[in-house]
Amino acid sequence: MLSTRFTQHSLVTEAHKSIQPYLSEQSISIDATMGNGHDTLFLARRSLKVYAFDIQENAINATRTRLKKNSCSANVSLLLTGHETMSQHINSEEKADAILFNLGYLPHADTSIITQEKTTLTALDDALKLLSAKGILSIIAYPGHCGGQAELQAIIHWYQRLDSSHFAVSIIRSMHEKPDSPRLFTIQNSQ
Ligand SMILES: C[S@@+](CC[C@H](N)C(=O)[O-])C[C@H]1O[C@@H](n2cnc3c(N)ncnc32)[C@H](O)[C@@H]1O
């Protein structure tokens with residue numbers, strides 16, 4: 001099943017709104033792109049355990065600081081490694097109720113360090129294997145930077161190949177969308 005809707009809110013807000021009902025005090029969740037830690041903090045406040053990934057040390061440091069400031073560090077593993085290695089770090093029996101990908105580059109840092117189409121697709125495939133039976137995966141893709149449009153197209157091809165009897169895909173777009181505006185995709189497991 002595929003649905004599309006438009007929003008006047010930020011796509012990060014929409015991603016959090018979509019994910020929140022899937023989380024409980026028993027949940028395992030994954031932030032596949034830690035960045036400055038806003039999403040990690042959102043998950044840490046609502047989960048039993050969070051795994052967060054980033055390839056940049058300054059992302060780890062920013063996230064660690066944010067979690068500490070909010071007294072929220074205890075249940076979070078901050079992993080300085082690409083999300084494409086998530087299957088090596090998370091036991092396949094530990095199913096996640098929510099998995100977030102907020103792609104692109106780290107704001108206020110080196111904008112040439114971006115998520116890459118190939119590793120993003122590897123990570124998405126692995127993420128689906130770790131998703132709980134009623135879990136949700138969300139992806140925010142940014143076509144506005146170099147390589148971002150190709151990554152967005154790769155994600156569209158990726159979700160189009162998913163088994164529609166097992167996964168419901170929603171596309172959430174800004175009401176004020178321009179060609180380069182980000183897109184939010186949510187994939188709900190209904191197996
Ligand atoms: C838009 S930012 C994420 C924002 C973040 N979720 C937040 O709440 O602040 C994208 C992040 O993806 C990271 N990244 C790039 N390639 C990655 C990879 N292969 N695995 C994990 N993170 C990656 C970048 O270093 C950057 O910090």
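**A ligand in its pocket**

The ligand sits in the largest pocket of this structure. The model is a predicted one. Start with the space itself, then turn to the ligand.

How is empty space found in a structure? A probe the size of a water molecule is rolled over the atoms, and this shows where space is left. Here, the largest pocket holds about 650 Å³ of space. Its lining is made of 34 residues. Look for N102, L103, G104, Y105 and L106, which are the closest to the centre of the pocket. Two elements each give two or more residues to this lining: α2, spanning 38-44, and β3, spanning 49-54. Sort the lining by class, and you get 14 nonpolar residues, 16 polar ones and four charged ones.

Now look at the ligand. Which residues are the closest to it? They are T33, D39, D54, Q56 and H83, out of 22 residues that surround the ligand. This shell also draws two or more residues from each of α2 and β3. By class, the shell has 11 polar, eight nonpolar and three charged residues.

Next, zoom in on single atoms. Q56 brings a polar side-chain atom to 2.9 Å from an oxygen atom of the ligand. H38 uses its backbone instead: a polar atom there is 3.1 Å from a ligand oxygen. M34 also takes part through a polar backbone atom, which lies 3.5 Å from a nitrogen atom of the ligand.

How much of the ligand does the protein bury? Alone, the ligand exposes 600 Å², and the protein buries 95% of that.

How values were computed: Residues are numbered from 1 along each chain as its sequence is written. This is a predicted model: local features need pLDDT of at least 70, side-chain atom pairs count only at pLDDT 80 or more; totals for chains, interfaces and linings use all residues. Side-chain values use heavy atoms; hydrogens and water are left out. On a 1 Å grid over the protein atoms alone, a cavity is a set of points where a 1.4 Å probe fits but cannot get out, and a pocket is an open set with protein on both sides within 12 Å along at least five of seven lines; lining residues have an atom within 4 Å of a point. Grid points are joined across faces, edges and corners, and a volume is the space filled by probe spheres set on the points. Helices (H or I, at least four residues) and strands (E, at least two) are DSSP runs, numbered from the N terminus. Ala, Val, Leu, Ile, Met, Phe, Trp, Tyr, Cys and Pro count as nonpolar, Asp, Glu, Lys and Arg as charged, and the others, Gly among them, as polar. A residue is near a molecule or strand if one of its heavy atoms lies within 4 Å of it. A polar contact is a pair of N or O atoms within 3.5 Å; within protein, one must be able to donate a hydrogen and the other to accept it, and residues adjacent in sequence count only if both atoms are side-chain atoms. Accessible areas come from the Shrake-Rupley method with a 1.4 Å probe; for residues, only the protein chains shown count as cover. A molecule sits in a cavity or pocket if more than half of its atoms lie within 2 Å of its grid points.
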